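Dear colleague,

Please find below the sequence and structure that I am handing over to you.

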Amino acid sequence: MQELNFPKFEYRFKSTENKVSIFDVIRKKFIILQPEEWVRQHCVHYLINEKKFPKSLINVEKELIINGLKKRYDIVIFNSDGSIHLIVECKSHNIPIDQTTFDQIARYNLALNASFLMVTNGLNHYYCEMDFDAERFSFLRDIPNYTPH
């Protein structure tokens, strides 16, 4: 798999029927290893190991309804009160991050109201903080580390 711009982590692979799977510590099961999943798993471990978010506040690959359409977010981190702290949109390493990617996460955030957004293809990462009162966002160098409330 492609080397990514994330810290290394201990991963577990399994091979069945000529398909390689990687263990997801959040979903607690093996997931078929596609390029986007490779990025998602690196990002999950980055959020847990580097940013210190508890696994219990992280949700991966869940469905949401936006304008009557079923969509799936990649990673969401909740606050302890159930509100959403961060949405992460993961793309395969060979998909450039462009305006379409930002439009996608912005649409998701209309439904989720996260304080922070992250977009990554494993090589390039972009971070935003939302200002709902001013109806705008600002880019950040990184997302803040977890702080319990």
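Isoleucine 77 has leucine 86 in β6 as its bridge partner. Strands β5 (residues 69-78) and β6 (residues 84-90) run antiparallel and are joined by four bridges; helices (H or I, at least four residues) and strands (E, at least two) are DSSP runs, numbered from the N terminus. This is a predicted model, in which local features need pLDDT of at least 70 and side-chain atom pairs count only at pLDDT 80 or more, while totals for chains, interfaces and linings use all residues. Residues are numbered from 1 along each chain as its sequence is written, and side-chain values use heavy atoms, with hydrogens and water left out.

An open sheet of six strands has the order β4-β5-β6-β7-β8-β9, with mixed pairing (two strands pair if DSSP finds at least two bridges between them). At its edges, β4 (58-66) and β9 (136-140) each pair on one side only.

Turning to the cysteines, a search of the whole structure finds zero disulfides (pairs of cysteine sulfur atoms within 2.5 Å). Cysteine 43 has its closest cysteine sulfur in cysteine 90, and the 4.7 Å between the two sulfurs is too far for a bond. Cysteine 128 is in no disulfide either, the nearest cysteine sulfur being that of cysteine 43, 14 Å away. Cysteine 43 is buried, with a relative accessible area of 0%, and cysteine 128 is buried at 3% (buried means under 20% relative accessible area, exposed over 50%, partly exposed in between, with a 1.4 Å probe and protein chains only).

With kind regards
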